[in-house]
Amino acid sequence: MRYVCQICGYVYDDEKEQVPFEQLPDSWKCPLCGASKSDFKPEHKERETAEVTVNTEAADMKKLSAGQLAAVCTNLARGCEKQYKPAEAELFNELAAYFTRITPAINDADAETLSRQLQEDIDSYPDVRAVADRNQDRGAARVCVWGEKVTRMLSSLVERYLKEGEQMLADTDIWVCTVCGFVYIGSNPPEACPVCKVPAYKFEKVEGRA
Amino acid sequence: MERKAVRNLRLCTKDCLCLYVCPHGATDTEDSIIDVDKCTGCGECAAACPSGAISMVPVQYPPQQPKTEEVKACLNELAQSKSDGEVMAREIAKATDKPGLKRLMKAVERSERLIAEDIMREAGFMLPQGDGSHELLEELISNPPTSDFPSGKAGELLEKL
Ligand code: SF4
Ligand code: SF4
Ligand SMILES: [Zn+2]
Ligand SMILES: [Zn+2]
């Protein structure tokens, strides 16, 4: 049997390894991206997507929420930076800060509720992907591929934290890929991002280590 | 398509070939940013640069690929969910005094924003100077979400882009 990492695509082939996948300890990690054993799935077990129906009301620009607009504005700020337009980037960042400030709070959030939220996202990606495909929108399909992998990693890490607690992060750093959002635990960032393939210098360390 | 040269300071190794080849002295500046007023877009500097540090960037970008309503609707909803995740992570990070959890939640907050940015880019907001961005800024100025919306900044952007 072959098992595939749902985050980076690494294949664990029972025939080529000493230890069958099922017998690996739960603490085993993907050698490429650090994902947990539970992030591996047997090869070729495709989920069937039923015909997806979409309520197109949510497409209306006038209905965008503060949270969505914050992301629109930081995205456009980054677009301006890439075009070497620092003044425009700064203005979009100021609009983004305004929207972040007025985004409503979510009360009583904890790691468990966040974990459920991430799982819901993982479950909705295949439907969005189906809609992207039937519209032949490869840009939207790419967003689904990257976003689903990164979300799986986030979910896997939050789950691990819920099991292992503070010791999981006591002696190590946390890195975020500034292009796709992939999160990596380790003393150094990976040579290339397992999701979007950018080089290590695009990773940023999360500060505040005790 | 009219183009201008821009130098990526991160890649530039200061080999200075671009200084020798520019017929208008546009590449020789005290802040290393190529002078757009002098640059005529001939492309000599980009061809000469040994580090691939100069791009010839269009002055006007083509419109983004059109997006269907159903793709936009799905992506918007996904972005909302990502924004909710970001807010949760931010609040958990703020409330906790556990250093590991705080860092992990800061990472999730950042990551969820990056994913949402990417989603919104594909939902019609790819280009700062595109139609989607213009319509949005105009809409925000005529119907500000709250009384303290910085309309001045939005107006400034409309003028510049
Ligand atoms: S030729 Fe390229 S590397 Fe050399 S100074 Fe010019 S931009 Fe920089
Ligand atoms: S494109 Fe031509 S004019 Fe513009 S900076 Fe390069 S060499 Fe000079
Ligand atoms: Zn992996
Ligand atoms: Zn990445």
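Predicted model: local features only at pLDDT ≥ 70, side-chain atom pairs only at ≥ 80, totals over all residues.
Donors are N, O and S atoms within 2.8 Å of the metal.

**Zinc sites of chain A**

The zinc ion (ligand 3) is held by A:Cys5 (SG), A:Cys8 (SG), A:Cys30 (SG) and A:Cys33 (SG) as protein donors, at 2.3 to 2.4 Å. Their spacing along the chain is C-x2-C-x21-C-x2-C. The four donor atoms subtend angles of 104 to 118° around the ion, and therefore the arrangement is tetrahedral; the criterion for four donors is that all angles lie between 85 and 135 degrees. Both A:Cys5 and A:Cys8 are buried.

| Zinc ion | Donor angles | Spacing of donors |
|---|---|---|
| Ligand 3 | 104 to 118° | C-x2-C-x21-C-x2-C |

**Domains of chain A**

Chain A is assigned a domain 1 covering 1–52 and a domain 2 covering 171–210. The C-alpha centres of domain 1 of chain A and domain 2 of chain A are 22 Å apart. Contact between them involves four residues of domain 1 of chain A and four residues of domain 2 of chain A. About 310 Å² is buried between these two domains, and carbon and sulfur atoms contribute 68% of that area. Of the area that domain 1 of chain A buries against domain 2 of chain A, 81% comes from A:Ile7, A:Cys8 and A:Cys33, more than from any other three residues.

**Chain B and its ligands**

For chain B, the assignment gives domain 1 (3–58), domain 2 (62–123) and domain 3 (127–161). A separation of 32 Å lies between the C-alpha centres of domain 1 of chain B and domain 3 of chain B.

The residues surrounding ligand 1 include B:Arg7, B:Lys14, B:Asp15, B:Leu17, B:Pro50 and B:Ile54. Cysteines also take part in this shell, among them B:Cys12, B:Cys16, B:Cys18 and B:Cys49. By class, the shell of ligand 1 comprises seven nonpolar, two polar and three charged residues.

Around ligand 2 there are 15 residues, of which B:Cys22, B:Cys39, B:Cys42, B:Gly43 and B:Cys45 come nearest. The shell of ligand 2 divides into nine nonpolar, five polar and one charged residues.

Key. Residues numbered from 1 in each chain as written. Chains lettered and ligands numbered in written order. Heavy atoms only, no water. Near = heavy atom within 4 Å. Nonpolar A, V, L, I, M, F, W, Y, C, P; charged D, E, K, R; others polar. Donors = N, O, S within 2.8 Å, 3.2 Å for Na, K, Ca; no water. Tetrahedral: all angles 85-135°; square planar, octahedral: opposite > 155°, others 65-115°. Buried < 20%, exposed > 50% of the residue type's maximum accessible area, 1.4 Å probe, protein only. Domains from an automatic or database assignment. Contact = heavy atoms within 4.5 Å. Buried area = accessible area lost by both parts, 1.4 Å probe.
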